[in-house]
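Let's take a friendly walk through this structure, starting at the ligand and moving on to helix packing and the backbone.

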Amino acid sequence: MSSSITEIPARGGNITSVPSPATNGNGVEERKGLTKKEIAADHPTWCPGCGDFSVLALYFKLIEKRKLWQEKITTVAGIGCSSRFPYFVQAHGAHFIHGRALPFASGISLSRPDLHVFVFGGDGDAFSIGGNHFNHTARKNVKMTYCVMDNWVYGLTKKQTSPTSPLGFKSKTDVTGALDQPINPMKQAISAGASFVARTTSSNPNHVLQMMEAAMDHDGFSFIECLSECVEFYEGAFDASNPRKGGVFAEVPKDHDVTDELAAYKLAGEPFPGKFGIFYKANRATKNANEQKIIGAAREKTKSLQDWQILQKNFDRLK
Ligand SMILES: Cc1ncc(C[n+]2csc(CCOP(=O)(O)OP(=O)(O)O)c2C)c(N)n1
Ligand code: SF4
Ligand SMILES: [Mg+2]
């Protein structure tokens with residue numbers, strides 16, 4: 001085997017610990033991290049001033065800072081303005097079906113333990129059409145980072161009420177104002193069983209990067225709600241959380257116990273603008289690790305057989 005082949009880390013391993021083939025101490029030139037220029041693809045087609053620009057810029061920064069090469073990540077999304085994300089990243093990824101990003105991403109995560117799966121998308125994609133997938137991916141603890149760019153509206157389809165739109169919000173589907181109780185993404189994530197739950201806002205770039213790094217380092221399903229203003233259809237939605245607009249950006253108190261589910265749920269229930277930071281974090285076996293155990297045991301049992309013999313045995317059993 002050539003010494004230049006990068007070792008695949010164990011399932012659930014921290015991807016930053018992947019050894020670079022260039023750092024083997026044998027005088028091989030060190031592999032440089034990607035620059036923003038190298039990782040940026042098409043010019044984003046979002047409206048000028050859209051909060052999503054900031055999230056993309058911070059994803060590039062994460063890739064730069066943590067030396068994530070193209071073959072070590074994949075960027076997945078559903079459909080929506082925010083879900084255009086993978087188009088703008090010069091790396092592997094997919095712009096998948098509306099609401100179906102998570103099952104697609106789960107397949108990648110379970111079959112490719114050597115890379116980290118990042119999923120980006122909107123509040124409609126996550127909690128409306130994709131609501132069930134959200135709950136099940138969270139409870140199964142599939143290793144990936146899911147960043148929901150919450151703008152409290154359907155942006156791409158030009159202003160319909162989303163599951164996170166506040167009561168009274170006037171839209172094309174609620175001309176007299178939204179009547180239905182909105183979903184609280186943080187409560188939803190905690191109660192669904194997400195093992196990492198954090199909240200940030202695109203108007204605070206340092207904080208977004210901090211949350212992305214912590215989420216990436218978590219071994220499990222890491223969820224970030226990132227407020228991201230739709231300047232076209234919900235201008236000013238998050239002003240109360242933005243000090244530059246006269247609002248307050250308050251972080252999760254230092255003495256908050258992130259392993260305390262009830263305390264996290266209480267934080268999630270605070271009225272807007274609430275708190276920002278990591279609300280909940282638990283160490284729980286991932287779906288990836290659990291499946292790997294089964295696969296390992298089956299491989300051990302059948303190690304003397306060739307692939308076709310295993311298949312033949314299966315067909316014989318079905319007779
Ligand atoms: C199966 C299906 N149903 C409906 C649509 C129409 N549609 C496209 S994006 C979208 C909602 C987008 O809202 P959100 O996920 O919040 O993303 P945003 O545009 O706000 O970033 C809808 C309803 C679709 N593309 N596919
Ligand atoms: S419609 Fe809203 S969410 Fe979509 S690109 Fe424009 S500002 Fe951003
Ligand atoms: Mg939206």
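## Polar contacts of the ligand

A polar contact here is a pair of N or O atoms within 3.5 Å; within protein, one must be able to donate a hydrogen and the other to accept it, and residues adjacent in sequence count only if both atoms are side-chain atoms. In this predicted model, local features need pLDDT of at least 70 and side-chain atom pairs count only at pLDDT 80 or more, while totals for chains, interfaces and linings use all residues. Residues are numbered from 1 along each chain as written, chains are lettered from A and ligands numbered from 1 in the order written, and side-chain values use heavy atoms, without hydrogens or water.

The side chain of serine 82 has an N or O atom 2.7 Å from an oxygen atom of ligand 1. For the side chain of aspartate 123, the corresponding distance to an oxygen atom of ligand 1 is 3.1 Å. Leucine 156 uses its backbone instead, with an N or O atom 2.9 Å from a ligand 1 oxygen.

## The shell around ligand 1

On its own, ligand 1 has 590 Å² of accessible area (Shrake-Rupley method, 1.4 Å probe), and the protein covers 73% of that area. Helix H4 (123–127) and strand S5 (153–154) are the elements giving two or more residues to the shell; helices (H or I, at least four residues) and strands (E, at least two) are DSSP runs, numbered from the N terminus. H4 gives the most, with three residues.

There are 16 residues around ligand 1 (a heavy atom within 4 Å), and Cys81, Ser82, Gly124, Asp125 and Leu156 come nearest. By class, the shell has six nonpolar, eight polar and two charged residues. Ala, Val, Leu, Ile, Met, Phe, Trp, Tyr, Cys and Pro count as nonpolar, Asp, Glu, Lys and Arg as charged, and the others, Gly among them, as polar.

## Two helices in contact

Phe134, Asn135, Ala138 and Arg139 of H5 meet Gln188, Ala189 and Ala192 of H6, where contact means heavy atoms within 4.5 Å. This contact has four nonpolar, two polar and one charged residues.

## Backbone details

Phenylalanine 272 and proline 273 are joined by a cis peptide bond, with omega about 15°. Proline 273 sits in the loop between helix H8 (261–268) and strand S10 (275–281).
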